[in-house]
Amino acid sequence: MKYIIYGVNRVAKDFLYMFEQLDILYFMDDTIEAKRFCGYEIKSIDDALQDCLYDQIIICDFEKEHKEGILQENGLQYRRDYIYEQDFFGELDSMSLPVDRKILVWGTGKMCHYFLGQGLEIPVAGFIDSYKRSDMFWGKPVFSPDEITDWKKYYVIIAVYDDQEIQKQLSEYGCIEEKDFVGYQKVVNLPSNMLKKTIFDKSYYHLECNTMFNHLEILDQGNTRCCCTTFVRPNLGNVLDKRSSEIWHSTLHRVLCLSTENRTFSFCDKSMCPLFVARGREESKKEDRAYKKLGTAPEVIALGYDPSCNLACSTCRKELYFAKGKELETINKITEIVKREYLPQCRFLILAGNGEVFASPAYREAYECEGCKPQYIRLLSNGMLFNQMNWERFMKGRTSRIMLTVSVDAASKETYESIRRNGNFDILKKNMEYASILRKTGELSYFRLNFVVQKENYKEMIPFVEWGQELGVDEIFFTKILNWGTYSQEEFEQISMMERDGITPKAELKEVLKHPVMNSTIVDLGTIQYAHKVDEADVVENYYMWELEKRGGLLFD
């Protein structure tokens, strides 16, 4: 099929980015302000409609009524002579929801509200609630599982925080994943739905962030993200199921990259990423800036797939945890894949987003393997095992530039050992003094302390900064506590030092933030937006590089 694209605008440009394999003859538009767009010739409507070489016209625009009216005035019909850009979107999906079965959503809680709020055009017939509290929800009937006698009459979308038990229950009913049920995230993250969200987003930011073009995080169970998992939700794929090239060059990844190229950043959590805090948006405008192409493989790899840790921090888990049994087998499989497929081309390695880098045999096997020779390494640690013996073992035969980030969350022994259970503040202080020496001698290129602000520790923010100044750290990074499923909503509201909006600090925290030491050049208030300074960066090659260089100076060549 040979096509003409009707519309010289950002929608057309985005469409071409995703469907570059189509045989496009040229663009046409109501008025011709330029001769070429995205490398193609632009023709007038009169000239284009006299051309007998095309098969169909593709209308591309935010609003299509005007363009469709012109085509209809010239005797053209929808589907026969012209179509819309969104008529192609379904071709991007590997699965689709059935049209011959009623769709039920399992869940009536927070995740269900999120799912329903995505604006997807799904004909939901009703809801399932394991603990049925009411007969109606969002204007549709609610069923308990035992009220449904024939599961094959329905297709179920699971919209709960932890869906493993429900998946198991549906399997016992004879249902098969994707054929009879699916998790809400897979539906939300269908490339067609994702593309619709970003291509028709009319607002944009004056920001160039290339993180998604060079970054990959390998997380629990082998799932992957192309930015910080706190900032971007969609899972690109699983390293246990797909080769690295399949994940990196997946359609979903391409859509995510488009959202940064068109500057909408439609899938970024702008309440969490410091790049967006207090940054304004503008209405989309036409421009002929070329979109970047995706490289062959990620150069920045962040590992966070082993939860094994020597501490049981209150914000993360209820008890000490080391992987064993089947979970350990899975972690070891992931490690082998990481060593074989991801580390050889890695330029910047981040260790480790989950668990403790010096307590995990899996991480040690990864960073000690022959193929692990990155130019830069960032260590994320709780500091309890950061001693001379472990440092010298880690650095043996290594020439990488090392950046250390230690999560501490306290400035006193009592508070530290309460929050960071199984920790010893005296040992930590000794280790941090050793890290301070390494930083002063240049063996460490960067040294940062992290502090997650919560009710139990917020009064220690001031002495924490003073301690960091004594150690000579490059940065003290504060962030608000998040609920990773550790607390009930009521418990979290009591622990958090933010108001219910999640943005405004409580009055007690505001008083702490007024102290002069909090204006120190080494202090970064991260996600505490009330006192966060708007960052003026317009070009960010990689979020983690930018984050380190804000106060650490030029670290990456």
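Which residues in helix 1 meet which residues in helix 7? The model is predicted. In it, Arg-10, Val-11, Asp-14, Phe-15 and Met-18 of helix 1 meet Leu-195, Thr-198 and Ile-199 of helix 7.

## Helix 1 and its two partners

Helix 7 covers residues 191–199. Its axis lies 10 Å from that of helix 1, and the two helices pack at an angle of about 150°. That makes helix 1 roughly antiparallel to helix 7, since angles over 145 degrees count as such. The crossing is right-handed.

Helix 10 (residues 251–261) also packs against helix 1 (residues 10–18). Their axes come within 10 Å and cross at roughly 150°. Helix 1 and helix 10 are therefore roughly antiparallel. This crossing is right-handed. On the helix 1 side, the contact uses Asp-14, Tyr-17 and Met-18. Helix 10 supplies Thr-251, Arg-254, Val-255, Cys-257 and Leu-258.

Six strands form an open sheet in the order 3-4-2-1-5-6. Pairing in this sheet is mixed. Strand 3 (36–37) and strand 6 (82–84) are the edge strands, and each pairs on one side only.

Strand 5 (residues 56–59) runs parallel to strand 6, joined to it by three bridges. Across this pair, Ile-59 stands opposite Tyr-84 of strand 6.

Strand 7 (residues 102–106) and strand 11 (residues 154–158) run parallel and share five bridges. Leu-104 stands opposite Val-156 of strand 11.

Strand 20 (residues 348–351) is covered on both faces. Phe-348 and Ile-350 are buried on one side, Leu-349 and Leu-351 on the other.

Strand 20 pairs with strand 18 (residues 300–303) in the parallel sense, over four bridges. Here Ile-350 is the bridge partner of Ala-302. Strand 20 also pairs with strand 21 (residues 376–381), again parallel and over four bridges. In that pair Leu-349 stands opposite Ile-377 of strand 21. From strand 20 the chain passes through helix 12 (residues 361–367) to strand 21, a β-α-β crossover that is right-handed.

## Backbone exceptions

Most residues other than glycine have a negative phi, and most peptide bonds are trans. Three places depart from these patterns.

The peptide bond between Leu-351 and Ala-352 is cis, with omega about -5°. Ala-352 lies in the loop between strand 20 and helix 12. Trp-138 is not a glycine, yet its phi is positive, about 50°. Trp-138 sits in the loop between strand 9 and strand 10 (140–143). Phe-265 also has a positive phi of about 50° without being a glycine. The loop that holds Phe-265 runs between helix 10 and strand 17 (282–283). Is Phe-265 buried or exposed? Its relative accessibility is 1%, so Phe-265 counts as buried.

Conventions. Residues are numbered from 1 along each chain as its sequence is written. This is a predicted model: local features need pLDDT of at least 70, side-chain atom pairs count only at pLDDT 80 or more; totals for chains, interfaces and linings use all residues. Side-chain values use heavy atoms; hydrogens and water are left out. Buried means under 20% relative accessible area, exposed over 50%, partly exposed in between (1.4 Å probe, protein chains only). Two strands pair if DSSP finds at least two bridges between them. A crossover is right-handed if, with the strands pointing away from the viewer, the path from the first strand over the helix to the second runs clockwise. Axes are lines fitted to C-alpha atoms, for helices over the stretch in contact, and angles run from 0 to 180 degrees between N-to-C directions. Angles under 35 degrees count as roughly parallel, over 145 as roughly antiparallel, 65 to 115 as roughly perpendicular and the rest as oblique. A crossing is left-handed if the near helix is turned anticlockwise from the far one by less than a right angle, and right-handed if clockwise. Contact means heavy atoms within 4.5 Å.
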